[in-house]
Structures are given as structure tokens and as C-alpha cells.
Amino acid sequence: MNISSVNNTTSDCSQSKVTSLRKSIAVALGTVLLTSFSQPLYADVSIDHLTLKNKTRVGRSDFRYEFSVFVKNDADSVRDIQINVASSNANSNIQFTGVSIDEMSANSVLELTERLVLIQNRRARFNEQDLSWNFEYQPSGNEISDNFSPDSAYHTSEYKNYFFERGLATQEQVTAKINATYQQLFELVPDQAGAEPSKGEQIYHADFEQSTDNWQWYADNGSEVSAELSQIDGALVITPTWQSGSDALAVLSSPFEPIDATGGVDVEYKMAVDQAYADEGSMAAQLFIQDASGGIGFFGYRTLTQGAETTLLIKGLGPDTNFGYLSEGFYFSQISTLGFQFLANGKNADIGGSLAISEVSIYQPVDGGGVDISPGFEETFDNSISQWSASANNDSAIVPTLAISNEIDAEVGGDGLSNNVLAVSPNWIADTDAFTVKYQQFNGIDITEGRDISFDVKIPANYIEDGNMVVQLVLEDANYQPAFLGYTMVAGLTADEFVTLRFSDVSATTEFGYVSDSFDFSQLRGIGVQFVANGKMPTVTGDIQIDNVIIAGQAPSEPAPELSDTTVLYGVGDDMAFIKAIDTNDIRSEGMSYGMMISVMMDDQETFNKLWRFTKAKMQNTTGNSKDFFAWRLSGNAPYNAIDTNPAPDGEEYFAMALFLANNRWGSSDGIFDYQQEANDILHDVVYTKSNNASTRLMMHPVYQQVEFVTTTNVESFSDPSYHLPAFYEMWALWADENNDYWHQTAEISRQYLAKSAHPVTGLFSDYASHEGVPQTTSFNPDSHKSAYDSFRVMGNMAMDYHWVSQSVELKALVEQQVNFFEKEIAQYGDFIAVYEVDGTREPDINYRSHGRTAMNAVGATISENPFSTEMINYLWQQNAPTGMYRYYDGLLHMFGLLHAGGEFKIYQPSNHE
């Protein structure tokens, strides 16, 4: 339903319109959606003019005005018109109960049968500007689909086989090739999960199945917090009564037979916290240990930002471990108490709830042996410090300086030679100061599976004697997302001597003091050290020295045998499966949603359900800033932990569309297999859902009405032309439970966006582009402003919209530009390549075409009238499905290409199933 408000009732009626959508999101996104763009409205109903028919005095002080009302419709015919009026003049009393009109024809003016009557104080002059008119109406057509081209596949249900149409193959050959390619790419590799590697000998275990009598709570740090301990469903449940933001609560086991940890032990436990703590995000926890003589130590400081139960593993706990605090003379040979400390850490006392601990175990680990200690990154400061910088944190005004210092290795066993080190000179100002010294953007290192990281630090005695300052390792990924590890108070460190701080097996499963939700462990690009005053007075000063910053090589291991050189589909148990990106050994929402879409088109519900089960079980976030969205990237190895929990909008789009089509083709059932409900839930979140945290934005831009590239605010707001899927949006306009007109308008906005994003000569698109269509340069993708791998898909998206819905002359012209461009490339160079500048300049050192570009070019060529377009379709027909390392992305686009060009990528409408 369209609703227009008109405040100007003069005869020329240059009204200011506000339009709200039939199933409206205007409240959420604002009316600027329609006033910022030229949008095709079903109609434009407004007041043409008022004619005063009678004016009489009534009573001592009032006039009675009687008007004839003339309504105009400047566009298509409409029906079910409801008209109401209000006045902003407090002295007016309108006697107009509202009017209903069955229908108004296009470009017509109609006089209402009911007149507008109002009573107004004669001293208050009547002003038409005081009147505000409301119109509600619907288009006379039956559906949004009446706006689709009558020649579109939506109306004709015709899907041409262009391999056959262009004389390249028979229908039987095309069917056979599509089936064979699907069987090759989607041949299921059964779950190869074997026995888990041994954790070693278990030397302590608490499972809380019986009671919690041997665990007690204590208030720490002079706080007055109290707690209740209980045993529920095999877990130790801790319910604190918080008093202040500085509270600290310790929960400890009774002393047990001392454990010798001098060789290092592994501690594993499970922890869950009420969501209120996770949402607030301040509270922290750390492991507590105590020796038989009362010495204490803390390790594994972590901010509690995830509510769901998490298994935590602290490896190599022993004399070489770096603690947040370790009392002097701690006996690692006699660990007799284990527990946890919970720190309010500034949390408001009103934020409460329970915490649960289960399955606490200590293992004597097996000997790994054979570790490769050759560094993946090493900085000894023997050349320069030009790549190093210092920056203040936490709103500090401190400005540390960096310099090279020369030290003599005079320690016992040293070589007596001079050695360059990094000297850090802080100009401390306040006891809250914090700063970071770091090296940024070296070649990316994959630490997903674990690396050892270490650095040497020399701290003057006055810092050690004061004891407050904290040192911790800082990591940074390719997108400048941070992580902090090894919160270590300097108390107890050796003064004025280099001490090696070592962090073992840092990986995607390592517990950090803080880690960004979007941290990419496969692309470690920065390393540094943070120093936090932590209450240290500014008068405690001195230069700090850093040396030998090392990220170790990975432990040697026998590579897992490649189980297939052709498929991308891998099983998990008997009822789940995933699509694997072979070259990066990860799982992406892009690939999972593509796999679901392809399996719908191939009428393979079993594979569809296996992919969807895995997606819901492993990819969907249950907490955090991206709750309910799907993590865009998981590890390719069990247990398939998230590498990045942020969503990729194109994955959400394909998930929703695949689910709608699954419902329409097969029907829905219950739970996660209520495909239609799941699709609607995704679309609702795509439009509305944004975390209250400032780190996320809406997935659909609230002004431009365009899909974002990412929802995390640490990356600038821009779009990706290949994410624009107008054909999908039009189907959602018909099938979704809400926002139908919004999606219809979004389709047109995307068509306009594609028109302004294409290069005016070549027609090429950049991988990323601003919301105004300008190629977008980024720090994390050197190809982002070029026509590269993402942009392959735009040709296919435009052709899909042309065939399914629009028969758009503008999109066809954009395709023709690219067909002409690639024809010239073939004529001049004998082939086209994968990467170009958008002006058509070839990327140096790229000498391959790419299966993906070939496939999407062929799909685009199906709407081209250039004779060369047949050759572009033939390139796809002659191309075999890729095998080997790069078969994931290229293979899926190749399969899409065959389905589109072969006439098998179809709209399955609800009526087809019902």
C-alpha cells in the first residue's frame, strides 16, 4: 500500500511527498529512501485543488467552510483509495470522516462526492497550508510482477538452452554435461574423522556430576562480592552478588595431591556465562593456580564476550609460561589448587547472572617433538626500525619515541658481541596511560593451526619494584583487527635483563585477553607489544628495550592425503556436509550458499539438507555482534571453528534465495527445514538487524538502499557490484513476508547502481565500488579497484535479471560493452585474462583466463546480439570443470554457467509445488 502526505493544497500542487511502503520499513530506514532516488511509483495520488462552495457564520465566533475536493492521479491506475485529512490549526474542527474510492484511472482528476467541512474561529484566518492529507492505495494490477517484462521467464516459464540455440550442442549433450559436472564437483567425500589425538595422561579431573562441596568462593582484592555455588546438570554454577565495578571473585578447588608441572601441563575446561555479561562486554576471567606453600599465579586472562559454552585449552602451563601474575618462588612442582578469578572490570553491579564451569581437567601432554624453530617472521633490529611505530591507546596523551640502542651481550653464555635492540622511551603522563609498539603489514602468516610467538624485553628495575605495569603481546590481521595475549604484570620479572616472553601454540583456539570478533588468523600481518601503566605513577620512568621478535615456523607434519582432486563436497557424520575452498582450506558462506543453490537446481534435496544442517550447526552465530548471521569463514578442519564471525552479505543473499526456491520446489517441513520461514528470518535480519555495539552496521545501507560489502564498521562503508542481485530482490518482493515494495525498489536501485558502476568504455566493473559506483581502493585487497575475481559475477547477475525479470535495455547495453571489449582482446592478444584495470589495461604477470570469468562471460553473452557472443558461449561449452587446488570458486562459477546457459537455472514458483 502506498501512502502519500500532502501539505500544500493549492491548485498547482507542487507537493512534498513522503511515501511509505506496502509492507513498510519506512519507520526503520527513513523516507530518504524514496526522495534520494528516481523511483518508479505505482501512482502519484494527491490533492489537485479545493473549491470553496460555501462560507457561513455559525455561532458568535465561528465560520463554517465547505469545499469541493478534487483528487488527481498522475500515474498508473490505482484501487482501494482511502483519503483522510487533518489540520495543524488548533482552532479548526474538521468534519470529514474520510472517503473510500474503489478505483482511479491513470492521469485523471476526480471530484469527491463528500465535501470537506470545517468549523474555525473567525479570528483565526483559514490557511490551506494547515491541512495535511493522507492517501492509502494499491496498484490496480494484481502483483508486483505486473511490472516485470511480459517476455520475462517469470511470465513465460521459458528458459532457453543457449548451447543448443547457438548450434553448439544438442539438448542431450547439454543435459549430460551438466549432470557429469555436478557429479564431479559434488561427489561426496565421506567423513574421514578418526580418533582425536591423545591429550596425554589425565592427572586431574572435576566433572561436577555429584556435588561441588570441594569448591569454595572468596572475595578478592578487598571487594565485598559474595556468591552462591550450586551443582546443576553436571556443572558448577556460580551466582555472584556484585557490589561494585571493582569486584573480584575467586572460585577455587580444595587442595588436591600436588601435581608436578615443571615440564608443562595442559589445562582444559568448559565455561559459559549468562548473555547479560557477554552483551555488556567488560567482565573478565582468568585461571588461578596455587602451590602447596600458598604461592599463587594467574593465567589466560580473557574478556567474557561470548555467552555460549566454550571449551578452553591452556597449553604448556609451567615455568616457561607467562602469567598475568606469579608470586615469587612459585613451586611448579607442587600445584595443589586450581580455580578461576572473575573480575567485574568496570561492569555495573546491576549486571548479573550465573557463570558455569564444567569438565575441568589437567593433562600431562604427549611429547610433540620435532618442532621446526625456523622463524616465519623475525625482527632483530639489526637493520632499521623504519617499519616500527608507537601509538597511544585508551585516549592517552603519551607520545613514546623509538630508537636503536646498541647492547653488549655480556650475560653468562653470551658471545660478548654488540647487538642492536629497539629502545622505547615513554613520556608517561598519567597512571592510566597505555601505548603500543608494533610492526604492521608484513607478508601474511597463517596461524590458524598454531604458532609459537616470542619477544625479549628488558625492563628497568624501578618498573619491576613498582610492580603495576602490564605487558602484553599485540597481534593484528590484514584488516587491522587487533588481538591481545598474555596479560603480564611486570612484578616478578627480572629487572635490567632481557627476559624472553614466549606464547606457545597461538592459534584460532587460543584464549586471548581480547580478540576482535572479525580477527582473521589466516592473515596475521602485524605484531607488537602493549605497555599499560595500570596504576603506575608517571614518576616511575625509564627506557624499555625490545629484541628478537619471532613468530616460529610450524611444526612439521605429514600432509593429509588429498582424498579427491575433483570434488568440493565433504561429509561430516552421516547427515551434514560442507563445500571446501581447497586452496585456502576453509569453508565460506559464499560456497555453502552456492552449493545449496546448485543442489536446488539439480533437484538434489539430500545434498541441500546436508549443507543446510552444517550451515545452521557450524556457521550461524548464536551470540555476539553478528548474532543470527552466518560466519563467513570457518576452518576447513574439525571442529570447524570460526575464523571470522562477521557475515558476508552475498552469502546471506544466496542462502535466502536458495531456501525460498527449496520451499517452492520441495515444500517445507518443521524446524530448520521450514525453508520459507528460515528465508524470511534471514531477509528480516538483512534489512533490520544491527548490533547495539558500534562495531557493526546494517547490511542494507539505510540511505542508499544498497547491499554493503561488510557489516563491520572498522571497514569503510561501500558496496560490491557482484553482490547486487536484482533478480533475487524481485522474487523476494513477491514471496517475502514483509518489505515487498522495498525489495522491488531495491531491484531498480541495483540496476541503476550497475549502470553507474560500469566503466563507460569497457563496461568492466571493479571488485568493490563506493555507493556512488566509484572503484574502491582498500588496504586489504590490492585488486579491489580492478576488474578481478568478484567482478566476474556481474555479467551473470545482469543476464539473470534480464532473463528472469526485466528485459532491461540498459543492462543489455552494459553486457554488449563487455562483449565488445573481450572480442577486441581476442583479436589483439588471442585470449582474455582474469584481471584488468577497469579501463581495460591488462594486469602484468596474469597469463590465465580463469574458469570463473569464462563461465560468467558466457552467461552474459546469452543476451548479446554481437556475433562474437556465440564464441564466448562456446568457450564455456569447450571448458571442462576445473580440478586441483583452485577448483572451488572457479568450479562453482563453471557449474552456475552451465545451468544458466543450458536453460536449467529456473524460477520455481510457489504454485509449482502447491
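Modeller: A charge sits over a ring if NZ of Lys or CZ of Arg is within 6 Å of the ring centre and within 35 degrees of the ring normal. Keep that in mind for this predicted model.

Biologist: What makes Lys 536 a charge over the face of Trp 428?

Modeller: Lys 536 lies 3.9 Å from the ring centre of Trp 428. The cut-off is within 6 Å. So Lys 536 meets the distance limit, and Lys 536 does lie over the face of the ring. Lys 177 also lies over a face, that of Trp 877, at 4.7 Å from the ring centre.

Biologist: Why is the pair of Tyr 654 and Phe 728 called edge-to-face?

Modeller: Their ring centres are 5.0 Å apart and their planes stand at 75 degrees. Centres must lie within 6.5 Å to pair, and planes over 60 degrees apart count as edge-to-face. Therefore Tyr 654 and Phe 728 are an edge-to-face pair.

Biologist: Which parts does this pair tie together?

Modeller: Tyr 654 lies in helix α10 and Phe 728 in helix α12, so the pair joins parts that are 74 residues apart in sequence. Both residues belong to one aromatic cluster, whose members include Trp 732, Trp 743 and Phe 905.

Biologist: How do you know that Tyr 654 is buried or exposed?

Modeller: Tyr 654 has 7% relative accessibility. Buried means under 20%. So Tyr 654 is buried. Phe 728, at 0%, counts as buried too.

Biologist: Why is helix α14 described as largely enclosed?

Modeller: Of the 15 residues in α14, 14 are buried, so the rest of the structure largely encloses this helix. Helix α14 covers residues 792-806 and reaches 21 Å from its first C-alpha to its last. Just after α14, Gln 807 takes a positive phi of about 50 degrees.

Biologist: What makes Arg 633 and Asp 520 a salt bridge?

Modeller: Their closest N and O atoms are 2.8 Å apart. The limit is within 4 Å. So the pair qualifies as a salt bridge. Arg 633 is in strand β38 and Asp 520 in the loop between β32 and β33, so the bridge ties together parts 113 residues apart in sequence. Arg 633 and Asp 520 are both buried.

Biologist: Which residues are linked with them in a network of salt bridges?

Modeller: Asp 586 and Arg 588 are linked with Asp 520 and Arg 633. The side chains of Asp 586 and Arg 588 meet at 3.0 Å, N to O.

Technical notes:
Residues numbered from 1 in each chain as written. Predicted model: local features only at pLDDT ≥ 70, side-chain atom pairs only at ≥ 80, totals over all residues. Heavy atoms only, no water. Phe/Tyr/Trp six-rings, centres within 6.5 Å; stacked < 30°, edge-to-face > 60°. Helix = DSSP H or I, 4+ residues; strand = E, 2+ residues; numbered from the N terminus. Buried < 20%, exposed > 50% of the residue type's maximum accessible area, 1.4 Å probe, protein only. Expected span 1.5 Å × (residues − 1).
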